[in-house]
Amino acid sequence: MDFEQIFGASPETEASAPGRVNLLGEHTDYNDGFVLPTAIPQRTTVQLGLSQDGQHHFYSVELDERVSISEGNHTPSGFASYIFGCVRLLEREGYTVPSVNLHVTSSVPIGSGLSSSAALEVATLRGLRSLLNLDIDDVRIAQLAQQAEIQYSGVQCGIMDQMASSLADTEHMLFLDTRSLDRQVIPFPSGAEVVVIDSGVPRTLAGSGYNQRRAECEEAAHLLAVKALRDITDPQAAEDLPEPQRRRARHVITEDNRVLEALQGVSAERFGELMNASHASLRDDYEVSVPALDTLVAMLQETPGVFGARLTGAGFGGACVALVAAGKGEAISREVMERYMRSGYSGRILVPEVS
Ligand code: ADP
Ligand code: MG
């Protein structure tokens with residue numbers, strides 16, 4: 001149902017924001033390191049108007065759910081918490097936010113690791129900026145979006161997702177130093193586009209595996225007498241550590257170096273090699289891959305027109321990302337998906353958007 005059908009009036013303004021995928025720099029963010037996400041074509045769109053009854057009303061097309069919030073009500077749960085969090089964060093910045101009608105619709109897959117949550121927050125803040133003529137820049141929007149997710153939805157997220165949604169587009173990558181928050185929007189390797197395929201394997205062990213890796217990295221940093229592994233640039237420095245800290249540290253150090261090399265503006269071929277090396281490192285040193293991800297990555301890497309591929313996200317399931325020759329994303333992803341399904345798996349093409 002559209003805005004008029006839900007709220008009985010036309011929207012006053014509209015804004016949108018994309019989902020994202022991380023191309024390089026995995027498991028580096030909690031080591032104060034470097035990441036390199038890009039925006040995906042799928043976007044979340046919000047339409048807004050002023051509410052006449054003193055209550056906020058939020059509606060999501062995807063969930064077909066409407067939530068109303070009156071002044072003094074407790075923080076809502078579910079999707080409304082992300083939107084309400086954005087409203088509250090703006091109020092804490094000193095802005096007066098009137099009651100609004102807000103309609104959400106999105107083509108970003110929800111819960112697939114492409115950051116539909118950040119797209120929802122950034123679109124909401126952009127919509128409120130437009131409705132209320134707020135003087136607030138895109139970096140601040142990303143920071144408020146992150147705080148909305150942490151404080152109102154209870155998700156302890158880093159700032160990569162919101163920065164990528166707010167600052168990147170599909171032709172640019174966002175280099176982000178997760179310690180200093182220094183950032184740079186850099187062009188995509190020329191002649192290349194992104195493919196993302198969901199392995200169909202749920203990320204069941206992701207939570208416990210993630211916490212264990214974090215702890216191992218902290219131990220490694222402690223043994224090496226640095227604040228975080230990002231402070232080390234030479235992988236040799238990790239060689240005297242006990243296992244598994246040695247291999248965990250080696251992944252983080254080499255992964256940071258791969259991001260820094262990509263930041264120099266490498267060719268699509270070289271970028272692909274860096275992605276392949278990243279996958280090997282995540283598989284062998286970081287041990288966060290599973291057979292389905294290795295199978296899917298190998299199939300992608302073997303396909304003509306693919307520069308490189310790796311698992312993306314925390315691992316233990318979830319999606320793979322590949323860099324492929326521009327214009328070939330759809331054909332390549334369909335071909336690989338057919339092969340992957342014939343091996344007994346069931347996956348899904350997430351990028352490019354295919355019907
Ligand atoms: P991801 O960000 O990887 O897609 P998350 O679990 O972080 O997964 O965020 C998904 C949540 O974000 C959903 O459960 C919902 O609460 C909210 N959300 C995202 N997109 C929408 C949408 N279009 N409509 C309503 N809620 C949405
Ligand atoms: Mg999310």
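**Note on backbone features, helix contacts and cysteines**

1. P244 sits in the loop that runs between α6 (206–223) and α7 (245–263), where helices are DSSP runs of H or I with at least four residues and strands are runs of E with at least two, both numbered from the N terminus. The peptide bond joining E243 to P244 is cis, with omega at about 5 degrees.

2. On the basis of this note: the model is predicted, and local features need pLDDT of at least 70 while side-chain atom pairs count only at pLDDT 80 or more, although totals for chains, interfaces and linings use all residues. Residues are numbered from 1 along each chain as its sequence is written, chains are lettered from A and ligands numbered from 1 in the order in which they are written, and side-chain values use heavy atoms, with hydrogens and water left out.

3. A cis peptide bond is found between V351 and P352, where omega is about 5 degrees. P352 belongs to the segment that follows strand β11 (348–351). Both this bond and the one in point 1 deserve a place in a geometry check, since most peptide bonds are trans.

4. H27, which is not a glycine, has a positive phi near 60 degrees, and its position is the loop between β1 (13–24) and β2 (34–50). With a relative accessibility of 5%, H27 counts as buried, a class that means under 20% relative accessible area, whereas exposed means over 50% and partly exposed lies in between, for a 1.4 Å probe and protein chains only.

5. L181, again not a glycine, has a positive phi of about 65 degrees. Its place is the loop between β6 (172–177) and β7 (183–187), and because its relative accessibility is 24%, L181 counts as partly exposed.

6. How do α3 and α5 cross? The axes of helix α3 (residues 116–132) and helix α5 (residues 160–167) come within 9 Å and cross at roughly 50 degrees, the axes being lines fitted to C-alpha atoms, for helices over the stretch in contact, with angles from 0 to 180 degrees between N-to-C directions. The two helices are therefore oblique to each other, given that angles under 35 degrees count as roughly parallel, over 145 as roughly antiparallel, 65 to 115 as roughly perpendicular and the rest as oblique. The crossing of α3 past α5 is right-handed, which is the term used if the near helix is turned clockwise from the far one by less than a right angle, left-handed being the term if it is turned anticlockwise.

7. The residues that bring α3 and α5 together are A118, A119, E121, V122 and R126 on α3, and D161, Q162, S165 and S166 on α5, with contact taken as heavy atoms within 4.5 Å. By class, this contact holds three nonpolar, three polar and three charged residues; Ala, Val, Leu, Ile, Met, Phe, Trp, Tyr, Cys and Pro count as nonpolar, Asp, Glu, Lys and Arg as charged, and the others, Gly among them, as polar.

8. For helix α9 (residues 291–302) and helix α10 (residues 329–342), the axes come within 10 Å and cross at roughly 140 degrees, so that α9 and α10 are oblique to each other. Their crossing is right-handed. On the α9 side the contact is made by A292, T295, L296, M299, L300 and E302, and on the α10 side by V336, R339 and Y340; six of these residues are nonpolar, one is polar and two are charged.

9. The disulfide count comes to zero, a disulfide being a pair of cysteine sulfur atoms within 2.5 Å. C86 takes part in no disulfide, and the nearest cysteine sulfur, that of C157, is 11 Å away, which is too far for a bond. C86 is buried, with a relative accessible area of 0%, and C157 counts as buried at 13% relative accessibility.

10. I83, in helix α2 (residues 79–92), is buried with a relative accessible area of 0%. Which residues does I83 contact once its neighbours within four places in sequence are left aside? They are F58, L102, V104, L120 and T124.
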